[in-house]
Amino acid sequence: MIKAALIGCGRISPLHIVSIKRIKEAELAAVCDIKEERAENTAKEHNCKYYTDYKEMLLKERPDVVHICTPHHLHHEMTVFAAELGIHVITEKPMSISYEEAKSMVKSCKSNNVTLSVMFQNRFNRAVRFLRKEMLNGNLGKPLAARVIVTWNRSDEYYSHSGWKGTWDKEGGGVVIDQAIHSLDLVRYITGKKPLKVEANILNRRHNSIEVEDMAEGVIECEDNFTVSFYTMNYFTCDLPIDITFHCEKGIASILGDEGIILYEDGRRTSIPLLEEDKIDYGNNIKKYWGYYHFIEIKNIYENIQNNSSVEVSGEDALITQELINAIYQSGKTKEKVTLTLGK
Ligand SMILES: NC(=O)c1ccc[n+]([C@@H]2O[C@H](COP(=O)([O-])OP(=O)(O)OC[C@H]3O[C@@H](n4cnc5c(N)ncnc54)[C@H](O)[C@@H]3O)[C@@H](O)[C@H]2O)c1
């Protein structure tokens with residue numbers, strides 16, 4: 001049996017808790033939140049213990065694995081504390097707010113011989129996996145370019161309910177690090193191409209109440225002359241399906257929200273829909289749009305922990321996306337092209 005604990009009983013936590021409870025070999029021992037009422041209510045609902053101090057919880061409970069669902073700036077210290085106790089870590093995206101801290105998380109987990117895995121659950125979408133397979137087995141030829149469009153809605157009200165979202169020191173940015181990170185990660189996952197250089201603009205256009213960007217656009221130069229152009233903002237009137245379109249030597253392939261479409265150069269057309277069986281019910285009021293796949297990723301991590309094998313989204317792998325995100329901010333702030341180190 002894998003003993004689990006969770007830190008941060010906020011909006012994303014039910015997806016983790018429901019996932020843990022669906023795994024036969026796992027038990028949720030305890031949850032923690034600095035807001036006692038949240039921790040207590042979550043513990044009552046899920047029949048486990050609760051704490052308001054994460055260090056006390058980890059020291060007393062000694063779980064095998066901890067799920068970190070807290071504000072971004074806390075992922076680093078919580079990961080390092082858990083790793084030093086020999087506890088495997090599953091952290092929500094982004095790994096951290098800085099590349100340096102993310103590197104230190106990887107180092108700490110490695111030296112303490114524990115797994116570090118990051119929630120990029122959209123890598124487990126049916127359409128994403130199909131496109132990746134087609135791309136990597138050569139059926140689409142070389143990828144030449146990708147276009148990424150994320151036009152979502154995060155209202156002033158969304159930001160006003162949070163003490164950390166919309167701030168540089170706690171969220172680490174806005175639409176790029178919080179929303180577009182999934183789509184930017186998917187481009188690399190689907191093509192296998194590492195980013196080398198980035199040139200970006202970041203702006204706050206429509207959110208007076210926050211200090212971070214709500215719009216970003218730019219170009220990412222990747223290995224093998226593959227280029228990614230992105231446009232992302234969170235002041236649209238609704239969450240439109242994300243649009244990632246690849247121009248490849250032998251066709252055009254798109255991810256549109258949960259669906260995939262491939263137009264091969266020989267005229268064949270394949271579509272990969274979201275199936276009923278892919279829709280996981282996480283309970284009432286839990287998000288029903290893009291990003292159903294927490295359960296699949298978490299189940300996969302638990303299996304790998306049990307078998308002592310490598311997870312699909314390891315800390316080392318997620319570090320490349322973290323460096324890209326921080327490079328977008330650096331370029332946006334300095335107005336200069338930024339060279340990444342991990343792509344080399
Ligand atoms: N993978 C996804 O699709 C997805 C979607 C939404 C959020 N997230 C990520 O999940 C994480 C949490 O986001 P959220 O929307 O649930 O935020 P939230 O603000 O709703 O919840 C965070 C919780 O952490 C608690 N907390 C803060 N400091 C703490 C501490 N020191 N010890 C214990 N608890 C503490 C807060 O009280 C709050 O309940 C973020 O990293 C976010 O980016 C991921």
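Biologist: Are Y158 and Y159 buried or exposed?

Modeller: Both Y158 and Y159 are buried. Buried means under 20% relative accessible area, exposed means over 50%, and partly exposed is in between, with a 1.4 Å probe and protein chains only. Before we go on, this is a predicted model, where local features need pLDDT of at least 70 and side-chain atom pairs count only at pLDDT 80 or more, while totals for chains, interfaces and linings use all residues. Residues are numbered from 1 along each chain as its sequence is written, and side-chain values use heavy atoms, with hydrogens and water left out.

Biologist: How many aromatic pairs does the structure hold?

Modeller: There are 3 aromatic pairs. Y158 and Y159 form one of them, edge-to-face, at 5.0 Å centre to centre with 85 degrees between the planes. Rings of Phe, Tyr and Trp (its six-membered ring) pair if their centres lie within 6.5 Å; planes under 30 degrees apart are stacked, over 60 edge-to-face, and the rest tilted.

Biologist: And what about W168 and Y329?

Modeller: W168 and Y329 also make an edge-to-face pair, 5.3 Å centre to centre and 85 degrees between the planes. That pair links distant parts of the chain, 161 residues apart: W168 is in the loop between α7 and α8, and Y329 is in helix α10. Helices (H or I, at least four residues) and strands (E, at least two) are DSSP runs, numbered from the N terminus. W168 is partly exposed at 25% relative accessible area, whereas Y329 is buried at 4%.

Biologist: Which charged end sits over the ring of W168?

Modeller: That of K333, 3.9 Å from the ring centre. The rule asks for NZ of Lys or CZ of Arg within 6 Å of the ring centre and within 35 degrees of the ring normal. R132 does likewise over the ring of Y189, at 4.2 Å from its centre.

Biologist: New topic. Why is α4 described as largely enclosed?

Modeller: Because 7 of its 10 residues are buried, helix α4 (residues 75-84) is largely enclosed by the rest of the structure. Among the buried ones are H75, H76 and M78. The cover over them includes β1, α3, β4, β5, α5 and β6. After α4 comes G86, which has a positive phi near 80 degrees.

Biologist: How many residues are in the largest nonpolar core?

Modeller: It has 76 residues, and V66, M95, L184, F246 and I328 have the most contacts inside it. The largest share, 10 residues, comes from α8. A nonpolar core is a set of buried Ala, Val, Leu, Ile, Met, Phe, Trp, Tyr and Cys residues joined through side-chain atoms within 4.5 Å. Apart from it lies another core of 26 residues, among them I2, I90, F295 and Y302.

Biologist: What does M95 touch?

Modeller: Leaving aside neighbours within four places in sequence, its contacts include H75, H76, M105 and L319. Contact here means heavy atoms within 4.5 Å.

Biologist: Now the charges. How many salt bridges are there?

Modeller: The count comes to 21. A salt bridge is a side-chain nitrogen of Lys or Arg within 4 Å of a carboxyl oxygen of Asp or Glu. One of them joins E56 and K60, with the closest N and O atoms 2.9 Å apart. Both residues lie in helix α3, 4 residues apart, about one turn of the helix.

Biologist: Which residue does D224 bridge to?

Modeller: D224 bridges to K193, the closest N and O atoms being 2.8 Å apart. They are 31 residues apart, D224 in the loop between β9 and β10 and K193 in the loop between α8 and β8. D224 is partly exposed at 45% relative accessibility, while K193 is buried at 15%. There is also a salt-bridge network linking R123, D185, R188 and D317.

Biologist: Last one, the strands. How do β11 and β12 pair?

Modeller: β11 (residues 243-248) and β12 (residues 251-256) are antiparallel, over 6 bridges. Two strands pair if DSSP finds at least two bridges between them. They form a hairpin with 2 residues between them. β12 is also joined to β13 (residues 259-264) by 6 bridges, again antiparallel, and in that hairpin G257 takes a positive phi near 60 degrees.
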